[in-house]
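I opened my notebook for another look through a structure, and these are the entries I kept.

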Amino acid sequence: MSKRDLKKYLNELTKEQLEEQILELYEKFPPVKVYYNFVFNPKEETLLQECKLKISQEYFPLQTKGKRKKPKMRRSVAQKYIKHFILLGVDPFVIADIMLYNIEIAQTFASENIVRQELFYKSMFNSFEQALKFIISNGIIGEFKSRLIAVSDEASNQKWINRTDFKSNIELLDNEKDLL
């Protein structure tokens, strides 16, 4: 069904029929429920803190019964939150904060632990590029430029195998359209 056909169909329904259909969607489909819960009660700060906690636990898991859990270091956890926040229409500043926090916590982990997986560095660079493009496309580079530079500098300080890629993207900031 096209959007035009849907509009035509909805215009033919009474207010009561529309309300009934929306309630049915709300009860039947969890994403609809999540959307409406967010729209009517957008606790972005709570979502942000919950998200940061989950991401940090990927690198620094909580100890249980005196035993230290092994870090999983999954980029996908942050990616799921980012995608979810974009779908909900969360403020771009919050999304950019999450994007950079994900890289920063990974760098904190790498500064304290030896990371031998080349995929880790490639994954963090992909996250960096994604964050950079998102920040530029949302016109919020001024607010996040110092954090982007700090991430690049930290990659250099830790001698990451792809540190020159980070540096190259920072140098391109002056010519933002090349990144989009």
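This is a predicted model: local features need pLDDT of at least 70, side-chain atom pairs count only at pLDDT 80 or more; totals for chains, interfaces and linings use all residues.

**Lys52.** I placed Lys52 in helix α4. Is Lys52 buried or exposed? I looked up a relative accessible area of 17% for Lys52, so this lysine counts as buried, the cut-off being under 20%.

**The nonpolar core.** Next I turned to the largest nonpolar core, which has 45 residues. Which of its members touch the most others? My list reads Phe120, Phe128, Ile135, Leu148 and Trp160. I then checked where the core comes from: α4, α5, α6 (92-112), α7 (118-137), α8 (141-157) and α9 (163-171) each supply at least two residues. The most comes from α6, with 12 residues.

I followed up on Ile135. Not counting residues up to four places away in sequence, Ile135 touches Ala96, Leu100, Ile140, Ile141, Phe144 and Leu148. Leu148 is also on the list of core members with the most contacts to other members.

**Helix α7.** I gave α7 an entry of its own. It has 20 residues and spans 29 Å from first C-alpha to last, close to the 28 Å expected at 1.5 Å a residue. Which elements do the buried residues of α7 pack against? I noted α4, α5, α6, α8 and α9. Among the buried residues of α7 are Phe120, Tyr121, Met124, Phe125, Phe128, Leu132 and Ile136; I also wrote down Ser123 and Ser127, which are buried too. Just after the helix, Gly139 takes a positive phi of about 65°.

**Positive phi elsewhere.** I kept in mind that most residues other than glycine have a negative phi. With that noted, I marked two residues. Met73, in the loop between α4 and α5, has a phi near 55°. Lys159, in the loop between α8 and α9, has a phi near 60°. I looked up the accessibility of Lys159 as well: its relative accessible area is 61%, so Lys159 is exposed, with the cut-off at over 50%.

**Pockets.** How much volume does the largest pocket have? I noted about 210 Å³. Its lining includes Lys54, Gln57, Glu58, Lys69, Lys70, Lys72 and Arg74, along with Pro61, Leu62, Pro71 and Val77. By class I have six charged, four nonpolar and two polar residues there. Helix α4 (residues 44-59) gives the largest share of that lining, three residues.

The second largest pocket has a volume of about 150 Å³. I listed Val34, Asn37, Phe38, Asn41, Lys43, Leu47, Glu50, Tyr81, His84 and Leu88 as its lining. Here α3 (30-40), α4 and α5 (75-88) are the elements that give two or more residues. The class tally is five nonpolar, three polar and two charged.

**Leu25.** My last entry went to helix α2 (residues 15-28), where Leu25 is placed. Leu25 has 40% relative accessibility, so I put it down as partly exposed. I also looked up how Leu25 stands relative to Glu129: the two are 104 residues apart in sequence and 37 Å apart in space, C-alpha to C-alpha.

Definitions and conventions. Residues are numbered from 1 along each chain as its sequence is written. Side-chain values use heavy atoms; hydrogens and water are left out. On a 1 Å grid over the protein atoms alone, a cavity is a set of points where a 1.4 Å probe fits but cannot get out, and a pocket is an open set with protein on both sides within 12 Å along at least five of seven lines; lining residues have an atom within 4 Å of a point. Grid points are joined across faces, edges and corners, and a volume is the space filled by probe spheres set on the points. Helices (H or I, at least four residues) and strands (E, at least two) are DSSP runs, numbered from the N terminus. Ala, Val, Leu, Ile, Met, Phe, Trp, Tyr, Cys and Pro count as nonpolar, Asp, Glu, Lys and Arg as charged, and the others, Gly among them, as polar. Buried means under 20% relative accessible area, exposed over 50%, partly exposed in between (1.4 Å probe, protein chains only). A nonpolar core is a set of buried Ala, Val, Leu, Ile, Met, Phe, Trp, Tyr and Cys residues joined through side-chain atoms within 4.5 Å. Contact means heavy atoms within 4.5 Å. The expected span of a helix is 1.5 Å times one less than its number of residues.
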